[in-house]
Amino acid sequence: MTKKRALFLSVCGAIIFSVAITISVKGFCLIDLICSRSHDDSVAFIFFPTITLFIFSLITYPMQDKIFQSWWRFARIWIPLSMLAILISPSYSHNFIFPIEKGAVAFFSSALFVIISLVQIILTSRKLKRS
């Protein structure tokens, strides 16, 4: 995949996230198939990882293509898997000690994505500088 295409996809995901969070905050949800309550943020949580994808697409855009391709091989697997994990996680949890719900899953999957992406970009750039 090219840098431009990855950036375009991440922008599209960020726009979907922005629209979904706006609908959630403002309470504009009128379609029962998309959300079950007026301030439902399930769609926003599912597209939350695309915000970090957008940021790292911008970061890797001016870098060498080998660094981008190395990072993209990781991101193209991680983002759909984290979106799936968010999708199947419950909206509300009754476990007060370790609540597993969409918000927590979205936050931790995005945090792990940021950490792993930074490590991978740094290691790949150091490896290319040595050779």
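Helices (H or I, at least four residues) and strands (E, at least two) are DSSP runs, numbered from the N terminus. The elements of this protein, read from the N terminus, are α-α-α-α-α, which amounts to 5 helices and 0 strands. The model is predicted: local features need pLDDT of at least 70 and side-chain atom pairs pLDDT 80 or more, while totals for chains, interfaces and linings use all residues. Residues are numbered from 1 along each chain as its sequence is written, and side-chain values use heavy atoms, with hydrogens and water left out.

Of the 131 residues, 34% are buried, meaning under 20% relative accessible area with a 1.4 Å probe and protein chains only.

Helix H4 (residues 65-88) packs with helix H5 (residues 102-130): their axes come within 10 Å and cross at roughly 170°. Axes are lines fitted to C-alpha atoms, for helices over the stretch in contact, and angles run from 0 to 180 degrees between N-to-C directions. Angles over 145 degrees count as roughly antiparallel, so H4 and H5 are roughly antiparallel to each other.

Rings of Phe, Tyr and Trp (its six-membered ring) pair if their centres lie within 6.5 Å; planes under 30 degrees apart count as stacked, over 60 as edge-to-face and the rest as tilted. The protein has 10 aromatic pairs by this rule. One of them is the tilted pair of Phe 68 and Trp 71, with 6.0 Å centre to centre and 50° between the planes. These two residues are about one helical turn apart because they lie 3 residues from each other in H4. Both Phe 68 and Trp 71 are buried. They belong to one aromatic cluster that also includes Phe 56, Trp 72, Phe 74, Trp 78 and Phe 113.

Notes. Buried < 20%, exposed > 50% of the residue type's maximum accessible area, 1.4 Å probe, protein only. Parallel < 35°, antiparallel > 145°, perpendicular 65-115°, else oblique.
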